[in-house]
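Q: Hi, could you walk me through this one? I'm new to reading structures.

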Amino acid sequence: MFPQARIVVLTDMRDPATFRAALEAGAQACLDRVTGPEALIKSLNVVMRGNIVMPMHAVPHLGGDGAQAVRLSVQNAGAEMPPGARALSNREIEILTCLADGQSNKLIARRFAIAEATVKIHVKGILRKISVQNRTQAAVWVLKHGLPRLPGRSIAQ
């Protein structure tokens, strides 16, 4: 009824399924009910600017089944993907998968045997190309759109 409404869920953060359910219900934020007043106000301001707020420890649970579930793929290579998704390189898709799993830059660097600074550069490029502002929004983007699977591209398992 109110498409411009912003929804914020306050929860006790004990049930990982709460995060996914909140997003599926259209919430822009899922916050701990004991969040301090300053943090709550800052979070509400972020939500009012059209962004999503979710604690980083919730990211692995956004897919329900962990890594496997957030590796959503586009069934049809010609399916419509959001702008920028087709510009992602294979490495960026691999790193986006790791971001969706909630992995830190250090873990990603170890996994691919690259420098942490290189991971940071890739992350910045990914965020720019898919038009999000932070890692949590990137994970939510994967949840909503899936990972691009374009002809000739594969996703690291």
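Below is a short chat about a few of its features.

A: Happy to! This is a predicted model, where local features need pLDDT of at least 70, side-chain atom pairs count only at pLDDT 80 or more, and totals for chains, interfaces and linings use all residues. Residues are numbered from 1 along each chain as its sequence is written, and side-chain values use heavy atoms, with hydrogens and water left out.

Q: What is Thr 11 in contact with, leaving aside neighbours within four places in sequence?
A: Thr 18, Cys 30, Leu 31, Asp 32 and Arg 33 are its contacts (heavy atoms within 4.5 Å).

Q: New topic: which loop holds Ala 113?
A: Ala 113 sits between helix H5 (105-112) and helix H6 (116-129). Its phi is positive, about 55°, although Ala 113 is not a glycine.

Q: Is Ala 113 buried or exposed?
A: Ala 113 counts as exposed, at 72% relative accessibility.

Q: And what about Ser 131, what is its phi?
A: Ser 131 has a positive phi of about 60°, and is not a glycine. Ser 131 lies in the loop between H6 and helix H7 (135-145), and is exposed at 63% relative accessible area.

Terms used:
Helix = DSSP H or I, 4+ residues; strand = E, 2+ residues; numbered from the N terminus. Buried < 20%, exposed > 50% of the residue type's maximum accessible area, 1.4 Å probe, protein only.
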